[in-house]
Amino acid sequence: MKWFYPLLFFLLSASCKADVPSTLAQRCVEHYAAHYRVPPELIAALIDVESRWNPRALSNKGAMGLMQLMPDTARRFGAVQPFDVEQNIAAGTRYVTTLMWEFRGDLRLVAAAYHAGDRWIGQKQLNYRNPDVITYVQAVRRQYVMRK
């Protein structure tokens, strides 16, 4: 019985530590989405698809963190340390906000531009035919609807 309480304490403390990053990330999503007046479900859906909530995610193209920010985008929107959860979500949400303005709130175009770049989507609008972009937009939409 002596070993039971230390084991229980260890298991409880380990599970609490495992929840800290996702809790911090979720609080950051709520905070920055409210601050920039974008749907928190959209930010969370982007994170679902981009990194599956892995703050250390690194793509083969160099995108970093939860919101998979490219180095130039991270710098442009203020993420000096793009793997920092709060900086990454803050910068990613600022980027989404600019896309919301640019595409007048059309979430399909916002998601497509987040994935493929705003210049390319800005020129093509809804006439994009890239299957990767279409698949990405559908995945973000599914996550967004599920979170709504």
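Predicted model: local features only at pLDDT ≥ 70, side-chain atom pairs only at ≥ 80, totals over all residues.
How many salt bridges does a search of the whole structure find? The search finds 4 salt bridges, and a search for aromatic pairs finds 2 of those.

**Salt bridges**

- Lysine 148 forms a salt bridge with glutamate 41, with 3.9 Å between the closest N and O atoms; this pair links distant parts of the chain, since lysine 148 lies in the segment after helix H7 (131–147) and glutamate 41 in helix H2, 107 residues apart.
- Lysine 148 is itself exposed, with a relative accessible area of 62%.
- Aspartate 48 and arginine 147 form another salt bridge, in which the closest N and O atoms are 2.8 Å apart; aspartate 48 lies in helix H2 and arginine 147 in helix H7, so the pair ties together parts that are 99 residues apart in sequence.
- Aspartate 48 counts as buried at 13% relative accessibility, whereas arginine 147, at 32%, counts as partly exposed.
- Aspartate 106 forms a salt bridge with arginine 108, the closest N and O atoms being 3.1 Å apart; aspartate 106 is buried, with a relative accessible area of 19%, while arginine 108 is partly exposed at 43%.

**Aromatic rings**

- Phenylalanine 77 and tyrosine 95 form a tilted aromatic pair, with 5.3 Å from centre to centre and 45° between the planes.
- Phenylalanine 77 lies in the loop between helix H3 (71–76) and helix H4 (85–102) and tyrosine 95 lies in helix H4, so this pair ties together parts that are 18 residues apart in sequence.
- Phenylalanine 77 is buried at a relative accessible area of 9%, and tyrosine 95 also counts as buried, at 7%.
- The rings of tyrosine 95 and tyrosine 114 have their centres 5.5 Å apart and their planes at 40°, so this pair too is tilted; tyrosine 95 in helix H4 and tyrosine 114 in helix H5 are 19 residues apart.
- Phe77, Tyr95 and Tyr114 together form one aromatic cluster.
- Elsewhere, arginine 56 lies over the face of phenylalanine 83, at 4.4 Å from the ring centre.

**Helices H2 and H5**

- In helix H2 (residues 40–50), the buried residues include Leu42, Ile43, Leu46 and Ile47, and the helix is followed by arginine 52, whose phi is positive, near 55°.
- At the start of H5, a side-chain oxygen of aspartate 106 reaches to within 3.0 Å of the backbone nitrogen of arginine 108.
- Buried residues in H5 include Leu109, Val110 and Tyr114, and just after this helix glycine 117 takes a positive phi of about 110°.

Notes
Residues numbered from 1 in each chain as written. Heavy atoms only, no water. Phe/Tyr/Trp six-rings, centres within 6.5 Å; stacked < 30°, edge-to-face > 60°. Helix = DSSP H or I, 4+ residues; strand = E, 2+ residues; numbered from the N terminus. Buried < 20%, exposed > 50% of the residue type's maximum accessible area, 1.4 Å probe, protein only. Lys NZ or Arg CZ within 6 Å of the ring centre and 35° of its normal. Polar contact = N/O pair within 3.5 Å; in protein donor to acceptor, adjacent residues only side chain to side chain. Salt bridge = Lys/Arg side-chain N within 4 Å of Asp/Glu carboxyl O.
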